Amino acid sequence: MQELIQAAQQARSRAYAPYSRYQVGAAVRAASGRIYTGSNVENASYGLTICAERVALVNAVAAGERKFTALAVAAGEGEPGMPCGACRQFMAEWFTPDVPIVVVSSHGQQKQFTFAQLLPEPFGPAAFAEEKD
Ligand code: THU
């Protein structure tokens, strides 16, 4: 997990956040063992901003990954920043309930959750697998 946290912290330093100045880095480990990173990428048209977590996942999925074993997010100064609701829903596409998610702040505070804790009873691909008609 330490390597993943370091990757998230490095990714945070590459954030493009000139509007909010709130920098976020994320690193996801795929079942292949590889790590994919992302940082938040803001836009002058504010609503087009993309969160770090989704950038990391898009990087991984576009590289062919579909299974993930852990996610680290680096955000916040004191209290670590938590993944937003949109990112949690995005994770639901691939994350199983037991996937660990670690959040770390720049002051070194750290919290760990499972995906199920961050998004209980998710809406996901299973909804379509259950469709019978
Ligand atoms: N942000 C993330 O990158 N991830 C989250 O889960 C929460 C918010 C970014 C989006 C925006 O660039 C900045 O943080 C402030 O909202």
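Guide: What follows covers the ligand, its contacts and the pocket, in a predicted model.

Visitor: Which residues surround the ligand?

Guide: The shell consists of Ser20, Tyr22, Val24, Asn40, Glu42, Thr49, Cys51, Ala52, Glu53, Met82, Pro83 and Cys84.

Visitor: How does that shell divide into nonpolar, polar and charged?

Guide: Seven of the shell residues are nonpolar, three are polar and two are charged.

Visitor: What is 2.5 Å from an oxygen atom of the ligand?

Guide: An N or O atom in the side chain of glutamate 42. In the case of glutamate 53, a side-chain N or O atom is 2.8 Å from a nitrogen atom of the ligand.

Visitor: And which polar backbone atom is 2.8 Å from a ligand oxygen?

Guide: One belonging to cysteine 84.

Visitor: How much of the ligand's accessible area does the protein cover?

Guide: On its own the ligand has 370 Å² of accessible area, and the protein covers 78% of that.

Visitor: What classes make up the lining?

Guide: Nine nonpolar, four polar and two charged residues.

Notes:
Residues numbered from 1 in each chain as written. Predicted model: local features only at pLDDT ≥ 70, side-chain atom pairs only at ≥ 80, totals over all residues. Heavy atoms only, no water. Near = heavy atom within 4 Å. Polar contact = N/O pair within 3.5 Å; in protein donor to acceptor, adjacent residues only side chain to side chain. Areas by Shrake-Rupley, 256 points an atom, 1.4 Å probe, with all protein chains shown as cover. Nonpolar A, V, L, I, M, F, W, Y, C, P; charged D, E, K, R; others polar.
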